[in-house]
Structures are given as C-alpha cells and as structure tokens.
Amino acid sequence: MKLLFVGDVVGDRGIDFLESKIYSLKKEYSPDVIVVNGENSANGNGVTEHSLKRLVSIGADVITTGNHSFSKRDCTHLYDNYDYLIRPANYPEGVCGKGICVLDLGRVKIAVINLQGTVYLDSLDNPFITADKLLASLDIKNIFVDFHAEATAEKKAMGHYLRGRVTAVMGTHTHVQTADETILDGHTAYITDVGMTGAEDSVLGVDSDIATKKFVTHYPVKFETSKNSQVLNAILTEFDEYSGKATKIHRIIKR
C-alpha cells in the first residue's frame, strides 16, 4: 500500500496549488491514503471550517495539525465534530479533539498519530511517553506519526525511539524539506521534515518583506501569505499492510 503525506499547506494559495496538483499526484503515485498537515491552511495560520472542507474535497483522508491547532477563534468545535481532523495527542487532558485517527479500509486499518515536540515549543505533555501510551492501546500494525517539532535532534530521537514500532515518523513544522529520508531498522520510514506546500520565494510561506521586518525591528507584524509561485513538498511511503513495515520512502517536490 501507499500513503501520501503532504507537508504543511499554507493558506488559500497553498490549497489552490495542492488542488491543481492532486490529479497528477494520484495518477503518478496511486496513493491508497492521503494525509495532509493543515495547521496553516487558513490564511494567517490555524484551521477553519472553510480550509478544512477544501482539503477534504481535494482528497485528504486525515488532516493533522500542530502548534497552530487552535490559532483561530471558535475553531474548537471542528476537532469535536470531524474525526479526520486531529491535533497533537500530547495536549493536556480536557483539551477538545483527539490526537489519533484510525482509518478502517475494510481489509486493513491505518492509524495516524499527531504529536508535538516540546523543545522551543509550548510545554505540552512528554511526546515520547504519550506515544508509548497510544501504542500500548492500539492493535494495529500500520501506524503513521506526524511529529510536529522544531528541533532536529528531538525529531531524530523520536524516529529512533519509535523505530520498529510504527510504519513511519514524518517530521513537520519547519516548512523546509530535509534530504535525510531513510528506513530505520528495515521497518520505519523516517524524514526530519516533509516541508511545505506554499510560496517557494518566501519565509516559510509568509511574505518575505513582512517576515524580514519582524526580525529586523522586533515590532509586532501581521503575517500575510506570500503571493509568489508555489511549491508542493510531500513524501510517499510504500508499506506492507500485513506487517506494518515500510518498504520505500520517496520525497516529492512539485513546482
């Protein structure tokens, strides 16, 4: 089987670009499941019902998020109403939504887990311990983890911590695709960051002049999505659905 994971989609323009490429992606790679990180899919960042439904209409089976899960006001109901929208599982108890989505495809089940790192990000619950608890509760072999984290070392550590126990650990958040895709211990596909789907000539999808001004002046600024030409970053993981072992991991860049 094949799972296509699309890196952080940035704003309406990122969704537009994904929509323009999804047919060719399906034709070229024939994915069985599509997962999209949508935590920046609303303009500015966060997720709205509009951006959520657009991603689903394009073909997303599961939408993961991260540190911008709740950036939009009045978005909390989305996490309770739509099972396919998940937020990091290591948010404290009592937070709306859940951090795992299980897809029942009939002959096989696939679990998608969302976790968030704690180095240079909010101090959520320990993502490693949270992963242990989730895996102990699952009787599923095909498990894909979106690890939304800032620090490369923390992502690498998570990959090695979960190797042999999950099908893939896919890093998100930094919006820059890394070239370290590998299969750990002949079982777990890993990449430090999948990248983004947004403006290539930008600062992580944001208008470069605005983002640069913030670094120069340290004044508060309102980020705006860049209108420059777009790029799509994704990975395709091929796996044996009976053992949960990844057999191939392939980086994708579409302009």
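Two residues are in contact when they have heavy atoms within 4.5 Å. Keep that in mind as you work through these exercises on a predicted model.

**Exercise 1.** Decide whether histidine 175 and histidine 160 are buried, partly exposed or exposed.

*Solution.* Start with the cut-offs: buried means under 20% relative accessible area, exposed means over 50%, and partly exposed lies in between. Next, take histidine 175, which sits in the loop between β8 (168–172) and β9 (182–184). Its relative accessible area is 10%, so histidine 175 is buried. Now turn to histidine 160, in helix α5 (residues 152–162). Its value is 41%, so histidine 160 is partly exposed.

**Exercise 2.** Find what surrounds histidine 175, leaving aside its neighbours within four places in sequence.

*Solution.* First, list the contacts of histidine 175: Asp8, Val10, Asn40, Asp193, Gly195, Met196 and Leu204. Then look for polar partners. The side chain of histidine 175 makes a polar contact of 3.4 Å with the side chain of aspartate 8. A polar atom of the histidine 175 side chain also lies 3.1 Å from the backbone oxygen of leucine 204.

**Exercise 3.** Describe the largest pocket: what is its volume, and which residues are closest to its centre?

*Solution.* Begin with the volume, about 550 Å³. Of the 24 lining residues, His68, Val203, Leu204, Val206 and Phe223 are the closest to the centre. Now sort the lining by class: 10 residues are nonpolar, 10 polar and 4 charged. Finally, ask where the lining comes from: helix α6 (residues 208–217) gives the largest share, 3 residues.

Key: Residues numbered from 1 in each chain as written. Predicted model: local features only at pLDDT ≥ 70, side-chain atom pairs only at ≥ 80, totals over all residues. Heavy atoms only, no water. 1 Å grid on protein atoms, 1.4 Å probe; cavity = no way out; pocket = protein on both sides within 12 Å on 5 of 7 lines; lining within 4 Å. Points joined across faces, edges and corners; volume = space filled by probe spheres on them. Helix = DSSP H or I, 4+ residues; strand = E, 2+ residues; numbered from the N terminus. Nonpolar A, V, L, I, M, F, W, Y, C, P; charged D, E, K, R; others polar. Buried < 20%, exposed > 50% of the residue type's maximum accessible area, 1.4 Å probe, protein only. Polar contact = N/O pair within 3.5 Å; in protein donor to acceptor, adjacent residues only side chain to side chain.
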